[in-house]
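Dear colleague,

I am passing on the structure we spoke about, and I would be glad if you looked through it with the notes below beside you.

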Amino acid sequence: MDIALNEMLETIRMIQMENLDIRTVTMGISLYDCADSDFDKMNQKVYHKITNYAGELKEVAEKVEKEYGIPIINKRISITPIAEILGNATKEQAIELAKTLDQAALTLGIDFIGGYSALVHKGISKGDQTLLDALPEALSETERVCASISVASTRSGINMDAVGKMGMIMKEAAERTKERNGLACAKLVVFCNPVEDNPFMAGAFHGAGEGEVVLNVGVSGPGVVLNALKKHPEADLGEVSDVIKKTAFKITRAGELIGREVAKRLDVPFGIMDLSLAPTNALNDSVAEILEEIGLKRVGTHGTIAALALMNDAVKKGGAMASSYVGGLSGAFIPVSEDNGMIQGIVDHSLTLPKLEAMTSVCSVGLDMIALDGDVSASTLSALIADEMAIGVINKKTTAVRVIPVPGKKEGDMVEFGGLLGRAPVMGVNGFGSEKLISRGGRIPAPLQSLIN
Amino acid sequence: MENKRAVVSVVGKDQVGIIAKVTTILSGNQLNILDISQTILQDFFTMMMIVDVTGVENLDQLQQQFDELSEELGLKINIQLEEIFKAMHRI
């Protein structure tokens, strides 16, 4: 027998007991050819193209899942940033298009469709403005549509006018869904340096450099990494890195196999493997618990950033060797509401908002799924976004903000978002305002690429 | 036709007749066993079989039969294509 018994057992244990799964297969679909000066025609073309291209996505993914015995949790779609095809459409029409996307997702039986997006890191075009105006309503009146807005990049700096608008948009979106704890904001990401092939939501979109249609895969497995580390309680940090690397390698290989198989059966090119460690609320499927296993009493304490940097880098190294096409965000996600260890860290007053910000400078994304005091002002939200964008711009990395100012909730309350989105303790913000910074507007210039100290 | 192989894994409490019952399902489906190995780990019975599934369109129906047996014996029985193990453990 080619494969040893203990190796088979390891794989089976990873899948059945340690939550190894393919987190998502995401089909990227270009919608550029759907653009039309007649809105109704465009609306129809978008619906037909998506339901036609992804018609078999769910069915094929489920078949592959059963044959290989490894769960594929989500089947998703990412599309061309919608602002780029809006043209002269009105705000009302943009909202109608969001509903069309929602309906397409419902018809296909997929959980999210990402790409109700605009790239405004340098300036806001007519279509971008229409999309921004439509956002709060579009997100609160749809269930499956995810939006992302790029407001900063290392090459162009930070568009503070857009940052200012995003604070207001988030407040309005939260207010419109106040009976559901501001859920609309859980589907809205503000990006710096976004990637064009991210398969994970809510930030997925099918970038301008992508082809007609592509299949991207996101794997996950914090539980697997955690269990591997538990077997080496005395290892030094070099060995810890090695254990994570080897585990990431195995996870990624499983993901690539499944991704390529699904792509082959759908007759669609395979795009990239995103090897992010993405936590879920399942027992022991937590990124925070990995950091604690490395040696922290509670996530958020001193040493958290060192441990996270080690882990993030090791995941990338293991994954990069396992797949020829690594892309997306690849690294570790640290969403609060989807990670029991993070939630515990906040409840125990170990993990704070400033520490979370600092963590984003060494992990793959940013402030993610954090519930904030409902009284936070739009300008404070904008300032929080601006800080996060600055971290990304200067460090030449993707950063993002997906926070929910929960209407009517105060610091210390616990809010439920349901399903994969989990629950989160509400965090307070700094009480001193930043109105003047935001009201100045304009652009923060792109940084020097030399003299880097 | 390309050879297609699957791994049948059985994990659970040791008891009389496990192998007999699992192989009965396989022979009932005209499936040839290529390799078989078994061990007892801390009172847990563990068995892996490599099965030739060339020409089998759908493993679903097999898995369903195994599910019924799993229930009856209180064991975990799974069938999955062999490539997943190769991908994870071989470069």
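Just after α1(B), Gln30(B) takes a positive phi of about 60 degrees; helices (H or I, at least four residues) and strands (E, at least two) are DSSP runs, numbered from the N terminus. Please keep in mind that this is a predicted model, in which local features need pLDDT of at least 70 and side-chain atom pairs count only at pLDDT 80 or more, while totals for chains, interfaces and linings use all residues. Residues are numbered from 1 along each chain as its sequence is written, chains are lettered from A and ligands numbered from 1 in the order in which they are written, and side-chain values use heavy atoms, with hydrogens and water left out.

The helix itself covers residues 18–28 of chain B, and its buried residues are Ile18(B), Val22(B), Ile25(B) and Leu26(B) (buried means under 20% relative accessible area, exposed over 50%, partly exposed in between, with a 1.4 Å probe and protein chains only). Seen down the axis of α1(B), these buried residues fall within an arc of 100 degrees, so they line one face of the helix; the arc is that of the directions from the helix axis to the C-beta atoms. Thr24(B) and Gly28(B), on the other side of α1(B), are exposed. Among the elements of chain B that cover the buried residues of α1(B) are β1 (5–13), β2 (32–41) and α2 (60–73), where contact means heavy atoms within 4.5 Å.

**Where the two chains meet**

Two salt bridges are counted between chain A and chain B, a salt bridge being a side-chain nitrogen of Lys or Arg within 4 Å of a carboxyl oxygen of Asp or Glu. The side chains of Asp60(B) and Lys66(A) meet in a salt bridge, at 3.7 Å from N to O.

**Salt bridges within chain A**

Over all chains, the count by this rule comes to 35 salt bridges. In one of them the side chains of Lys49(A) and Glu212(A) meet at 2.6 Å, N to O; Lys49(A) lies in helix α2 (residues 39–53) of chain A and Glu212(A) in the loop between β7 (188–192) and β8 (213–220) of chain A, so the pair ties together parts that are 163 residues apart in sequence. Lys49(A) counts as buried at 8% relative accessibility, whereas Glu212(A) is partly exposed, with a relative accessible area of 37%.

Asp111(A) and Arg76(A) also meet through their side chains in a salt bridge, at 3.2 Å from N to O. Since Asp111(A) lies in the loop between α5 (91–108) and β3 (112–114) of chain A and Arg76(A) in strand β2 of chain A, the pair ties together parts that are 35 residues apart in sequence. Strand β2 of chain A (residues 72–79) also holds Asn74(A), which is buried, with a relative accessible area of 6%.
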